[in-house]
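Dear colleague,

I am handing over the structure below, and after it you will find an account of what turned up when I went through it. Please read the two side by side.

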Amino acid sequence: MLDSKSSARSSFFSFLSPTTGPDYAEAAEKFNLAGNLYKAAGEWRDAGEAYLRAAEAHRLEKSPEEAARRQVAAASCFRKAPDGAERAIELIEEACQVYL
């Protein structure tokens, strides 16, 4: 009985453990999915913002190439949004810096 209480307590407080941190890969995956869904609905600005959040998660995950790919996806969406052309150009220029 004492063992089950001890394990329940340790799993309950596991989120406080310094060895576990945010799961940036999972966050990136979810933001990418959101971008896909917004894109399918024709919500170009929201899709672009979701892809930018995915790009940031990939940067935090130390995956700059994948971050650049998500940034290009965001740029493609902003290009289709009203008044989004300037933002699209900025994002493409930033993404290109990863490959230089």
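Predicted model: local features only at pLDDT ≥ 70, side-chain atom pairs only at ≥ 80, totals over all residues.

The side chain of Arg69 meets that of Glu66 in a salt bridge, with 2.9 Å from N to O, and because the two residues are three apart in helix α4, about one helical turn separates them. Glu66 also forms a salt bridge with Arg70, at 3.4 Å from N to O; this pair lies in helix α4 as well, four residues apart, which is again about one turn of the helix. Arg70, at 16% relative accessibility, counts as buried because it falls under the 20% limit.

A further salt bridge joins the side chains of Glu26 and Lys30, at 3.8 Å from N to O, and both of these residues lie in helix α2, four residues apart. Here Glu26 is partly exposed at 40% relative accessibility, whereas Lys30 is exposed at 54%. In total, the count comes to five salt bridges.

As for the overall fold, the protein chain has five helices and zero strands, and 25% of its 100 residues count as buried. Helix α2, which covers residues 24-40, reaches 24 Å from its first C-alpha to its last, close to the 24 Å expected, and it is followed by Gly42, whose phi is positive, near 80°.

Which elements give two or more residues to the largest nonpolar core? That core has 10 residues, among them Tyr51, Leu52, Cys77, Phe78 and Leu91, and the elements in question are α3 (44-60), α4 (64-80) and α5 (85-99). Of these, α4 gives the most, with five residues. Cys77, one of the core residues, touches Lys39, Trp44, Ala47, Gly48 and Tyr51, when residues up to four places away in sequence are not counted.

Finally, the accessible surface of the protein chain comes to about 7000 Å², and carbon and sulfur atoms account for 57% of it.

With best wishes

Conventions
Residues numbered from 1 in each chain as written. Heavy atoms only, no water. Buried < 20%, exposed > 50% of the residue type's maximum accessible area, 1.4 Å probe, protein only. Areas by Shrake-Rupley, 256 points an atom, 1.4 Å probe, with all protein chains shown as cover. Expected span 1.5 Å × (residues − 1). Core = buried A, V, L, I, M, F, W, Y, C linked by side-chain atoms within 4.5 Å. Contact = heavy atoms within 4.5 Å. Salt bridge = Lys/Arg side-chain N within 4 Å of Asp/Glu carboxyl O.
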